[in-house]
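Please look over the sequence and the model before reading on.

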Amino acid sequence: EIENTVQSNRKPSESTGKESKSTTENKKQEKAKVAEGFSANLDSMLEPQFRNFPEEEGVWSGEGLKKMKGYKSTMQIDKISQLREEFFKNRIQSQGLIWKQIRYACMYDSVKCQHLITALNLTPINGCMNQLVDINGVLYIIPNFCINDPYMEKEFVKADKTRTGDLVNIKFINTYSPLDKCEIEVEDNISVEELKKKYIKKDGLNIKIENVRMFFGGAELKNEFFVYQHDIRDG
């Protein structure tokens with residue numbers, strides 16, 4: 001199977017408005033500085049099952065607010081997806097809307113993520129969305145597996161232009177909506193890029209191909225590779 005975020009009626013004077021805005025900004029900066037002082041210990045505040053996966057030195061993933069050290073995992077991507085759902089479900093049930101929006105931010109690309117985090121008046125402590133603080137000093141800690149997919153090194157089958165394709169029936173699971181599944185029968189000598197096009201058409205999706213990411217065996221499928229190079233087999 002392949003697995004795929006009480007206004008007052010009184011109008012303040014112009015000077016009061018500026019003072020209020022300045023005060024709010026100063027408050028945000030002060031809270032961020034306080035939080036930054038112990039940011040290294042924030043991961044320990046998470047429940048053991050939701051703590052960061054071990055990071056890889058010299059390896060980075062994501063862009064913008066989602067840029068952070070990459071991590072490796074032997075856990076299948078669908079299991080990571082289930083862990084994400086459990087993490088956000090617990091917080092959405094207890095703290096409501098804010099965590100629901102943070103979940104969307106994790107799902108969005110870096111540009112939409114930045115816009116949403118800004119709209120929520122959240123400040124990244126170290127330039128990354130894994131540790132956020134609001135204007136009241138409330139901290140929001142998001143583990144790395146909720147923000148980016150794992151970094152995987154994988155040996156690929158050597159390309160063979162003379163190879164004839166074998167029919168394979170591939171099952172797809174949308175990791176953001178696990179109940180959304182489909183199957184496609186293709187010859188395994190087509191490129192991953194072509195496979196993505198077939199998936200978009202089959203599932204009736206209105207998205208660009210660059211927004212589709214596919215994983216198999218814990219590793220991301222590369223557009224320029226053939227399906228058989230990822231050792232994807234029937235079923």
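The model is a predicted one. Helix α3 spans residues 97-107, and its buried residues pack against α2 (77-95), α4, β5 (131-133), β6 (139-141) and α5 (144-147).

**Buried residues of α3**

- Seen from within the helix, the buried residues of α3 are Ile98, Trp99, Gln101, Ile102, Arg103, Ala105 and Cys106.
- The elements against which these buried residues pack include the helices α2, α4 and α5, together with the strands β5 and β6.
- In an α-helix there are 3.6 residues a turn, so residues three or four places apart point the same way.

**Packing of α2 with α3**

- The axes of α2 and α3 come within 7 Å of each other and cross at roughly 150°.
- Angles over 145 degrees count as roughly antiparallel, and α2 is therefore roughly antiparallel to α3.
- On the α2 side, the contact is formed by Glu85, Phe87, Phe88, Arg91, Ile92 and Gln95.
- On the α3 side, the residues making this contact are Leu97, Ile98, Trp99, Lys100, Ile102, Arg103 and Cys106.
- Sorted by class, the contact of α2 with α3 comprises 8 nonpolar, 1 polar and 4 charged residues.

**Packing of α3 with α4**

- Helix α4 covers residues 110-119, and its axis lies 8 Å from that of α3, at an angle of about 160°.
- The helices α3 and α4 are therefore roughly antiparallel to each other.
- The crossing in which α3 passes α4 is left-handed.
- Gln101, Tyr104 and Ala105 of α3 meet Cys113, Leu116 and Ile117 of α4.
- By class, this contact of α3 with α4 has 5 nonpolar residues, 1 polar residue and no charged residues.

**Cysteines**

- A disulfide is a covalent bond between the sulfur atoms of two cysteines.
- With a cut-off of 2.5 Å between cysteine sulfur atoms, the count of disulfides is 0.
- Cys106 takes part in no disulfide, and the nearest cysteine sulfur, which belongs to Cys146, is 6.1 Å away.
- Cys106 counts as buried because its relative accessibility is 2%.
- Cys113 is likewise in no disulfide, the nearest cysteine sulfur being that of Cys106, 6.9 Å away.
- Cys113 counts as buried because its relative accessibility is 0%.

Terms used. Residues are numbered from 1 along each chain as its sequence is written. This is a predicted model: local features need pLDDT of at least 70, side-chain atom pairs count only at pLDDT 80 or more; totals for chains, interfaces and linings use all residues. Side-chain values use heavy atoms; hydrogens and water are left out. Axes are lines fitted to C-alpha atoms, for helices over the stretch in contact, and angles run from 0 to 180 degrees between N-to-C directions. Helices (H or I, at least four residues) and strands (E, at least two) are DSSP runs, numbered from the N terminus. Angles under 35 degrees count as roughly parallel, over 145 as roughly antiparallel, 65 to 115 as roughly perpendicular and the rest as oblique. A crossing is left-handed if the near helix is turned anticlockwise from the far one by less than a right angle, and right-handed if clockwise. Contact means heavy atoms within 4.5 Å. Ala, Val, Leu, Ile, Met, Phe, Trp, Tyr, Cys and Pro count as nonpolar, Asp, Glu, Lys and Arg as charged, and the others, Gly among them, as polar. Buried means under 20% relative accessible area, exposed over 50%, partly exposed in between (1.4 Å probe, protein chains only).
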